[in-house]
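Visitor: Hi! I'm new to this one and would like a friendly walk around it. Could you show me what we're looking at?

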Amino acid sequence: MNLNLCRQCRLAVISLLLLQTSIATAQQDTLKITAAGSEKIFLQNNLSILAANYNIDANQALIRQAKSWDNPMISTDQNIYDRQDGFFQHGQTAGQVFVQVSELIRTAGKRNKLAQLATDNTSISVAQFDDLVRTLRNVLFGDLIEIDHQLKIKRVYDAEINELQKLVTGMDEQLRNGNISEKEDIRIKALLFSLQNELVNADTQLIILQSEVRFLLNKKDSSFILPVFHYYLPDLIGASLPSEPVLLKMADSSRPDLAIARTQLGYQKHNLVYQKALAKADITVGTEYDQHSSYAPDYVGLAVSFPLNIINRNKGNISAAGFAVKQQEALLDLQFSKVENDIFSAVKRVRFFQQVNNLEQLEFSRRYDIVFQNMLKSYQQRQISLLEFIDFADAYKDTRLKLLEQHTGLIKAIADLNYEAGRDVVILNN
């Protein structure tokens, strides 16, 4: 039974090593990139951003269209046949020709007001573009942080696996010499197998993250994207934060979602003015020529027409526009409240992780690595038991991973605060 278990462990270890080898081979072509460098590629290549740019261009074209005058209208009427003179007879005493040229004159500044609405739409599209860039940049930066985190997890596993593999190699010889039991040999190999199996989870996460980053950067090759950060963790732990009112002021002037809400309120107010202007009658002015049907031959006259706004005075649209203004005012207040809540929450998270992470903890992490090496040597020299070593190895791995989780939690909290404030409060993306 023990021999079968040993063979199963060996096969599992070999399969895991083959998987690690294939992943390592795929990662040989590595693209090292800083956060700032990835942002530059992102702004140049991201397809969503390129598509949103065209929306701005389209709205700017609509501004020019809104400012254009209406085309003049021409209408004509002439005889084809009459019983006295036959077909197409025109002269001093025969035939009839009527020609009218007219132009619509929009009153109450409707053209300028319509152009203002188009300008508001363009401003909204620009703010929406900025918000899209801000959101996608945050997703990209978050993925890079998580890739860095998963790579650090891999280094923890790789370091412990490497030491255990050396130990297993030596134990095989000890087992052949009869110095250790088969049970002890299998237990160490089972620990090694467990670590290698857990390492596969980190590699799986990296595959998913790499795919998303390549999509955001529109990278067509299969190179492994290696994020390079230049922050210094002790500086982040001791970084001072602006007060909440200062952060709110930053967000108020920087966040594009607030700019969208404000511009939409401006649009609704301008639309109310425009709807009131539509209640004013437009005038059509023109001139007309009549050859024979008027009281005098070759009549030339002035034509003026306008609707009598008695029945329809656009009251429904004016009322709806007024309610839209009130609705947008409420939505702007709601958006500002959300921003305020998001900033307060982000500040609390940063301060919490600054308290959780401290310089003493960093020193403890360094010393813990040394203790692990000493425990490994002690087990090799038979100074501690197998159970003591396995318990310590499990505790060492769990503690290192928890420390990494706390460090990454601080990085992510700072990134979230920068996102909520609309600008870098604490510099991370050098």
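Guide: Happy to. Let's begin with Gln264, which lies in helix 8. Please keep in mind that this is a predicted model.

Visitor: Okay, Gln264. Is it buried, partly exposed or exposed?

Guide: Gln264 counts as partly exposed, because its relative accessibility is 26%.

Visitor: And what does Gln264 touch, not counting residues up to four places away in sequence?

Guide: Gln264 touches Ile124 and Gln328. As for Ala115, 149 residues apart from Gln264 along the chain, the two C-alpha atoms are separated by 15 Å.

Visitor: What about Ala261, where is that found?

Guide: Ala261 is found in helix 8, which covers residues 256-278. Ala261 has a relative accessible area of 7%, so it is buried.

Visitor: Which residues is Ala261 in contact with, leaving aside its neighbours within four places in sequence?

Guide: Those are Gln328, Leu332 and Gln335.

Visitor: Let's change topic to sheets. In what order do the four strands of the open sheet come?

Guide: The order is 2-5-7-8, and the pairing is antiparallel.

Visitor: Which strands stand at the edges?

Guide: Strand 2 (73-78) and strand 8 (299-305) do. Each has a single partner strand, so one side of each is left without a neighbour in the sheet. On average, neighbouring strands of this sheet are turned by 15 degrees against each other, direction ignored.

Visitor: How do strands pair up in the first place?

Guide: In general, strands of a sheet pair through backbone hydrogen bonds, either parallel or antiparallel.

Visitor: Then how many bridges join strand 2 to strand 5?

Guide: Six bridges join them, and the two strands run antiparallel. In that region, Gln78 stands opposite Val97 in strand 5.

Visitor: And over how many bridges do strand 5 and strand 7 pair?

Guide: They pair over eight bridges, again in the antiparallel sense. Val99, for instance, stands opposite Tyr289 in strand 7.

Visitor: That leaves strand 7 and strand 8. Over how many bridges do they pair?

Guide: Strand 7 (residues 283-290) pairs with strand 8 over seven bridges, in the antiparallel sense. Gly286 has Ala303 in strand 8 as its bridge partner.

Visitor: Now some helices. How far apart are the end C-alpha atoms of helix 5?

Guide: They are 52 Å apart. Helix 5 has 36 residues (182-217), and at 1.5 Å a residue these should span 52 Å, so the two values agree.

Visitor: What about helix 11, how far apart are its end C-alpha atoms?

Guide: Helix 11 (residues 386-421) has 36 residues, which should span 52 Å, and its end C-alpha atoms are 53 Å apart, which agrees. Just after helix 11 comes Gly422, with a positive phi of about 85 degrees.

Visitor: What follows helix 5, then?

Guide: Asn218 follows helix 5. Asn218 has a positive phi of about 55 degrees although it is not a glycine. For background, most residues other than glycine have a negative phi. Asn218 is found in the loop between helix 5 and strand 6 (224-228), and at 22% relative accessibility Asn218 counts as partly exposed.

Visitor: What is the phi of Ala108?

Guide: Ala108 has a positive phi of about 60 degrees, although it is not a glycine. Ala108 lies in the loop between strand 5 (97-105) and helix 4 (110-176). With a relative accessible area of 35%, Ala108 is partly exposed.

Visitor: Last topic: aromatics. How many aromatic pairs does a search of the whole structure find?

Guide: The search finds four aromatic pairs. Take Phe352 and Phe353: their ring centres are 5.2 Å apart and their planes are at 75 degrees, so the pair is edge-to-face. Phe352 is partly exposed, with a relative accessible area of 48%.

Visitor: Which residues do ring pairs link into a cluster?

Guide: Phe141, Phe229 and Tyr231.

Visitor: And where does the charged end of Arg111 sit?

Guide: The charged end of Arg111 sits over the ring of Trp69, 4.2 Å from its centre. Arg134 lies over the face of Tyr419, at 3.8 Å from the ring centre.

Notes:
Residues numbered from 1 in each chain as written. Predicted model: local features only at pLDDT ≥ 70, side-chain atom pairs only at ≥ 80, totals over all residues. Heavy atoms only, no water. Expected span 1.5 Å × (residues − 1). Buried < 20%, exposed > 50% of the residue type's maximum accessible area, 1.4 Å probe, protein only. Phe/Tyr/Trp six-rings, centres within 6.5 Å; stacked < 30°, edge-to-face > 60°. Lys NZ or Arg CZ within 6 Å of the ring centre and 35° of its normal. Contact = heavy atoms within 4.5 Å. Pairing = 2+ DSSP bridges. Axes fitted to C-alpha atoms, helices over the stretch in contact; angles between N-to-C directions.
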